[in-house]
Each structure stands twice: as C-alpha cells, then as structure tokens.
Amino acid sequence: MRVATALVRRLAVLALTMLAVSVLVFLALEVNVEGVAVKVLGQFSTPDQRHLWLQHNGYFDPLPLRYGRWLWNFIQGRWGVSTYYHADVRALIAPRLGASAVLMGASLAVTVPLALSLGVLAGIRQGSPIDRLVSVVAILTTSLPEFASAVFLSAIFVFWLGWAPGVSTLTDGFTVRELALPVAVLALSSTGYIARMTRASMVEVMASPYVRTARLKGASTARIVFAHALRNALGAPVTVILLQIPWLLSGVIVVEVFFAYPGFGTLLYVASVNSDITLIEACAMIGVIAVVASQFLSDLINTALNPRLRNKSPPRAPRTATPYLRSTALRALRVFGVVRG
C-alpha cells in the first residue's frame, strides 16, 4: 500500500513536470506571434499576409486560450501540419521514432552488458591494474564528444579499412554494416560513464558488513558478487542506464546527422534549421515524455531492487515534491538545450 501511494504521488509529480515543461516549450516558440508568422510564411511575406495568417490560425486569441487549445490538440493526437514537409506531423514522427528506437536499442544492447561487466570487474578488484585500466579508458571515452569519435571511427573503418559505408541512409533496410558505426559511436560515449557508476557502486557494496560476513563464512567471490552484492549495487547504474534513453533521443542528433541516418534526431535537426515550429513543438513534447517515462521506470526498478525503498513510508511533507519536480523539469529542458549546465 505504501509503494502504491508513493507511485501515485510520483505520477502526479511527473504529470505536473510535463505540464510545466509544455508551458515553457509553448512560450519559447509561440509567445512572439509576429516571429511565428515570419518563420512560417518566410521573410519576404507582406505584413498583410502575416496578419491574415495569424488571424486565420487564432494567434490573436488570448495566450492562455492558445496554450490550452494547443495542449488539448496534442493530447488528442492532432499535432498539426509541418510547414517544411507539408505533411502531418504525427505521420512524420512515427517512422523516425521507430528508426531511432532501433539505433538506441542496438546501442544499449552493446553498452549495458559491456559497461556492467567492466564496472563489476573493476569494483571487485579495487586498486588493481584492471581497475586502473578500466578507469582510464572510461574517462577517455566519456570525455570524447560524439562528433570527434564519429570522425575518428570513420577515418579508420570507412576511409582506411573500407569495412563500413560512410552513410547509414537505410535505403536497403536495416543492415549490420550501416548500423555498426552509429552504434559504435553511441556505445563508446556511454559505456565509460555507466562503467564508472557501476564500479563506484560495487566498491561501496563490497565494503558493506554483510559482504564481509559472507566472506568470513567462506563464500566464494562469485557467490558474493552474484548472490549478494550485485543486486544492491545496480541501483545507481540502472538510473544512469535509463537516463541514457532521453539522452540518446536528443544526443543522437549529432550521430544521425553525421551518418545521414533517417531518425528522430535528424528530423528535429531539419525542423530546427527550417524553423518548422509545429514539428519542433511535437518533437520537444516527445522528448519530455521520454524523460518522464524513463524517470518513472527508473523509480520502479530501483524500488524493486532495493527492499528498503519498498518498506519506506512515502514523504508526508508536500515540499519534498518541489526539488524533484524542479530537477526533473530541468533534466527535460536540457534534452533540447533550452537549459544548459
């Protein structure tokens, strides 16, 4: 019952977060109605043309009414028509999300087992040469930006060895050769961070009293790691892994544009370059939903992994929701670069 109450409260906070971010997205893109008309009709349009377009689309209505109408249409699935592609926005986003989901799934399938294995190996052998090697490699790969690693890997595997194509346009469908380099770039930038988090959690858990007790009873290292330590050490790594989902949704923009991959990131990039406000708003809200959903899924998994969270009473003071609401909203805004740092 306590867990159900906590989850209901968390869902309410996440819903408020989505509402707050949707207000910010709408204000950032549509508060200047003249600017909207110029972006849609072009800089060479006449003032009369802009006035008629704004009047026809209800931009002279009060701002709260416009926001409510926009939000209600988005909830109902009426996302408007793209001014650049001249097509329904929902029809444009659906296949691009599917392509990005394939790319994200493949990169996570490579990243998660590799990062967890390296982190656990370094954590149970703290201070060893393996631990130092994993830490150095993790720092180097984490500090390397995606565009740099994309150029580096392309120089080796495309121009030097000729093993992979330079673009991943998927004209012949999903193939391993076209997915290899984009997946490698994304995995390279994520593996180090997850491995370091896993290593830190394993070091902390391996120093706990119950692990020392298991060692005194003669339990093997494998049994201690897999039967006792690993479950409690997965809390922080699971959170980081799930937070990679919204990062991948926005961070793959560089990778998708570099390799001409027809995914969600490329669609958002084209919409931004061409000032397609309707498409940008829909993509931004998809990003917000991804952030909120991954955060809620992270809470569920952490509750299942940690018995102390299942038995803990939910906070009674309503002010505890404020920092969580603020942090989740800021995380969602960082996805599309609205807030930096």
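The model is predicted, so local features need pLDDT of at least 70 and side-chain atom pairs pLDDT 80 or more, while totals for chains, interfaces and linings use all residues. Residues are numbered from 1 along each chain as its sequence is written, and side-chain values use heavy atoms, without hydrogens or water.

**Stop 1: Asp-131 and Arg-199.** Select both. They form a salt bridge (a side-chain nitrogen of Lys or Arg within 4 Å of a carboxyl oxygen of Asp or Glu), with the closest N and O atoms 2.8 Å apart. Asp-131 sits in helix H6 (129-143) and Arg-199 in helix H8 (176-206), so the pair ties together parts 68 residues apart in sequence. Helices are DSSP runs (H or I, at least four residues), numbered from the N terminus. Now check accessibility: buried is under 20% relative accessible area, exposed over 50%, partly exposed in between (1.4 Å probe, protein chains only). Asp-131 is buried at 3%. Arg-199 is partly exposed at 23%.

**Stop 2: Arg-69 and Asp-61.** Select this pair next. Their side chains meet in a salt bridge, 3.1 Å from N to O. Arg-69 is partly exposed, at 33%. Asp-61 is partly exposed as well, at 29%.

Stop 3: Show the surface here. Finish on Leu-161, in the loop between helix H7 (146-160) and H8. Leu-161 is partly exposed, at 33%.

How values were computed:
Helix = DSSP H or I, 4+ residues; strand = E, 2+ residues; numbered from the N terminus.
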